[in-house]
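Open the model in your viewer and keep the sequence panel beside it. We will go from stop to stop, selecting as we go.

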Amino acid sequence: MVQSDQIGRLQPRHLRSFEPIRCERYAWRQAMKFMGATWRRTGLSKAAMRAYYNDVHGPIVAQDPAEIYRYDQNVVEDAVFYHKDAHSPLTQPDGLTEFLTEDRGSFERSFKAPHMAKVAWPDTLVYADLTQAVSVAGDEETLLSSNTPETDLTKVIWFVLVPDDTSRHAAGYRKQLGEVLSSDALRPAGVEICRLVTEFEEPGDFIRNIFGRPGPRAVAGITLFLDRGRSWEMPELAERLIQGTNEAYDTEAFAASLLVTPTVVVDEPAPARAGE
């Protein structure tokens, strides 16, 4: 594994030709999605973390992503937290990774695949403090789509979170958020694309063991693409998301809106399904 003191000078020959993929040939559909925010390690500057994340870690993943067919890395540029207290239990993360697999089985196999398990995942320790990671994994659904290329829009990622002592999983929560994220609510705010992920109501032992960490639990992740120049903070949306989550989980939820700069690392056709 690469050591942290190599961050500023690491340029392996086999990684130099890597160019981030920025095409729009991929048609999103419902799939298993992971969304995870990370914070940089102590002693690492934002610039060093960004450089390593995009220029080294991304190419390492792209060498052999197993059954991951879409892998995005997002540098967090700014953030707003909506919480009842003056101080949010979270600070602004530095990076946010999203990736897609066909289903839970391919998700688990990708985590256990030799290159991912022995090289790519351990490499995150070079730049990230994983004790602070926040993530959600579940089926993704596209609620709003557009013919406008993603590269012409502003990308914002939301997390909806509950306190770490909230153990229950809420039936019907996905449908409830789908109503909050209706086109009537989002289009006037300049939202062109909306994709929703909610945690599994029955996450299973593998997902629970991989992502069960102390601290606030993300119960939903929302990817939005807005017309450029529109406000990305969207406090009215935060209020509706929090209210719906409070009712579903009977707790005090909070939300984070993260303005990001994305890089597409892996972009392959989705696996063909039976009958397609």
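Helices (H or I, at least four residues) and strands (E, at least two) are DSSP runs, numbered from the N terminus. By that rule, the protein has seven helices and eight strands. The model is predicted, so local features need pLDDT of at least 70 and side-chain atom pairs count only at pLDDT 80 or more, while totals for chains, interfaces and linings use all residues. Residues are numbered from 1 along each chain as its sequence is written, and side-chain values use heavy atoms, with hydrogens and water left out.

**Stop 1: the whole chain**

Show everything first. Of the 276 residues, 50% are buried. Buried means under 20% relative accessible area, exposed means over 50%, and partly exposed is in between (1.4 Å probe, protein chains only). Now think about contacts, meaning heavy atoms within 4.5 Å. Among contacts with a separation of 6 or more, 88% join residues 24 or more positions apart.

**Stop 2: the barrel**

Colour the strands. In what order do the eight strands of the closed barrel run? The order is E1-E3-E2-E8-E5-E7-E6-E4, with antiparallel pairing. From one strand to the next, the twist averages 35°. Strands of a sheet pair through backbone hydrogen bonds, either parallel or antiparallel. Here, two strands pair if DSSP finds at least two bridges between them.

Select E5 (residues 153-162) and E7 (residues 217-227). These antiparallel strands are joined by 10 bridges. Find Thr154: its bridge partner in E7 is Leu226.

Next, select E1 and E4. Nine bridges pair them in the antiparallel sense. Ala31 has Glu140 as its bridge partner in E4. Then move to E4 and E6, an antiparallel pair with four bridges.

**Stop 3: two helices on the strands**

Angles come from axes, which are lines fitted to C-alpha atoms (for helices, over the stretch in contact); they run from 0 to 180 degrees between N-to-C directions. Select H4, residues 173-180. This helix lies across E4 (128-144), E5, E6 (191-198) and E7. H4 runs at about 165° to E6. Now select H7, residues 235-249. H7 packs on the sheet and touches E2 (70-82), E5, E7 and E8 (254-267). Its direction makes about 30° with that of E5.

**Stop 4: the nonpolar cores**

In soluble globular proteins, nonpolar side chains tend to be buried together. A nonpolar core is a set of buried Ala, Val, Leu, Ile, Met, Phe, Trp, Tyr and Cys residues joined through side-chain atoms within 4.5 Å. Select Trp158, Tyr173, Leu186, Ile222, Leu224, Leu237 and Leu241. Of the 31 residues in the largest core, these touch the most other members. E5, H4, E6, E7, H7 and E8 each supply at least two residues of this core. Which element gives the largest share? H7 does, with six residues.

Zoom in on Tyr173. Beyond its neighbours within four places in sequence, Tyr173 is in contact with residues including Val160, Val219, Gly244 and Tyr249. A second, separate core has 25 residues, among them Val56, Val75, Phe107 and Val126.

**Stop 5: a cavity**

Rolling a probe the size of a water molecule over the atoms shows where empty space is left. On a 1 Å grid over the protein atoms alone, a cavity is a set of points where a 1.4 Å probe fits but cannot get out; lining residues have an atom within 4 Å of a point. Grid points are joined across faces, edges and corners, and a volume is the space filled by probe spheres set on the points. How many cavities of 30 Å³ or more are there? The count is one. The largest cavity holds about 40 Å³ of space. Select some of its lining, including Trp39, Phe81, Pro93, Phe159 and Leu258. E1 (31-40) and E8 are the elements that give two or more residues to this lining.

**Stop 6: the loops**

Go to the loop between E2 and E3 (95-101) and pick Asp94. Is Asp94 buried or exposed? Asp94 is buried because its relative accessible area is 9%. Its contacts beyond four places in sequence include Thr38, Lys46 and Asn74.

Move to Met234, in the loop between E7 and H7. Met234 is not a glycine, yet its phi is positive, about 50°. Its relative accessible area is 7%, so Met234 is buried.

Finish in the loop between H7 and E8, where you find Asp250 and Thr251. Asp250 has a positive phi near 55°. Asp250 is exposed, at 70% relative accessible area, whereas Thr251 counts as buried at 18%.

Terms used
On a 1 Å grid over the protein atoms alone, a cavity is a set of points where a 1.4 Å probe fits but cannot get out, and a pocket is an open set with protein on both sides within 12 Å along at least five of seven lines; lining residues have an atom within 4 Å of a point.
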